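Thank you all for coming.

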Amino acid sequence: MRMRWLWRNWLAAAVLVMAGAVAAGGASVSYDGRSLIIDGQRKMLFSGSIHYPRSTPDMWPSLISKAKQGGIDVIETYVFWNLHEPRPGQYDFSGRRDIVAFIKEIQAQGLYACLRIGPYIEGEWTYGGFPFWLHDVPGIVYRSDNEPFKIENEYQNIEKAFREDGPPYVRWTVKMAVELQTGVPWIMCKQDDAPDPIINTCNGMKCGETFKGPNSPNKPSLWTENWTSFYQVYGQNVTLRSAQDIAFQVALFIARKNGTYINYYM
């Protein structure tokens with residue numbers, strides 16, 4: 001129970017960063033089957049991923065400014081649990097870990113933020129964002145429905161491995177997230193059966209072709225990871241996409257899937 005309590009409080013604190021930024025800007029965020037709605041207005045949003053610890057605080061204003069100049073409306077980032085809690089109960093938000101300063105810089109430049117909390121973020125990051133000390137928690141089974149471990153990202157990729165334990169775990173994560181009452185919509189990436197009111201989203205290179213669409217007529221079509229490239233496996237060829245291919249797939253997602261949010265990833 002202690003681990004669940006730790007994560008619930010950590011999650012609440014992280015979400016409040018985003019909720020506070022929204023409140024400070026006086027914005028209300030909702031959605032329907034057509035789009036995200038901000039302050040009563042439908043939005044077609046183009047997003048770009050900038051992961052705050054992968055650069056330094058003095059770089060953030062320039063990176064965000066360049067993204068804005070390129071037509072970006074939203075900055076999307078993970079929250080890196082292993083950086084913020086290297087030891088149980090010991091938190092670090094200094095230097096490149098200062099997510100509060102990062103979110104405030106996004107707001108100062110007139111952009112929105114999409115916060116992907118995880119805690120399993122994958123993201124080609126050591127241990128998927130988990131603190132190493134989780135390994136020593138008695139009884140823990142990662143990414144499954146057990147007392148010490150909760151919440152998720154891209155769970156559908158491995159859900160079948162947990163058999164009957166998978167669906168209850170998904171339902172629990174949704175219940176916990178919604179009960180936080182953040183005032184902003186929640187998403188589940190690559191989770192076709194994401195329960196209401198969570199929005200299921202697409203990750204990939206060709207979501208205009210591969211995305212099955214929202215699992216409810218009341219949810220918008222969102223592309224949370226438009227992979228502009230792909231990580232390289234040792235000994236294999238480098239995967240690079242042309243600007244023409246990326247632009248074509250974005251247009252296809254908008255035209256075929258009624259897409260209204262596209263995030264350029266990595």
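When I say that two residues are in contact, I mean that they have heavy atoms within 4.5 Å, and please keep in mind throughout that what you see is a predicted model.

Let me begin with Tyr-52, which, leaving aside its neighbours within four places in sequence, is in contact with Trp-60, Thr-77, Tyr-78, Val-79, Phe-80, His-84, Arg-96, Arg-97, Ile-99 and Phe-102. Tyr-52 also belongs to the largest nonpolar core, which has 30 residues, and it is among those that touch the most other members, together with Ile-64, Ile-75, Phe-80, Phe-102, Ile-103 and Ile-106. At least two residues of this core come from each of helix 2, strand 5 (74-78), helix 4 (99-108), strand 6 (112-116) and helix 5 (166-179), and helix 4 contributes the most, with 4 residues. Another core lies apart from this one, and its 8 residues include Leu-45, Cys-114, Ile-199 and Leu-222.

Turning to the surface, Phe-230, Tyr-231 and Val-233 make up a nonpolar patch whose accessible area together is about 260 Å². Val-233 sits in the loop between strand 10 (229-230) and strand 11 (239-240), and with a relative accessible area of 36% it counts as partly exposed.

Finally, confidence: the mean pLDDT of the protein chain is 83, with 81% of its residues at 70 or more. Helix 2 (residues 60-69) has the highest confidence, at 98, whereas helix 1 (residues 2-24) has the lowest, at a mean of 45. Over residues 1-24 the pLDDT stays under 50, and where pLDDT is low, the predicted coordinates should not be read in detail.

Conventions
Residues numbered from 1 in each chain as written. Predicted model: local features only at pLDDT ≥ 70, side-chain atom pairs only at ≥ 80, totals over all residues. Heavy atoms only, no water. Patch = residues over 30% accessible without salt bridge, like charges linked within 9 Å, V, L, I, M, F, W, Y side chains within 5 Å. Areas by Shrake-Rupley, 256 points an atom, 1.4 Å probe, with all protein chains shown as cover. Salt bridge = Lys/Arg side-chain N within 4 Å of Asp/Glu carboxyl O. Buried < 20%, exposed > 50% of the residue type's maximum accessible area, 1.4 Å probe, protein only. pLDDT = per-residue confidence, 0-100. Core = buried A, V, L, I, M, F, W, Y, C linked by side-chain atoms within 4.5 Å.
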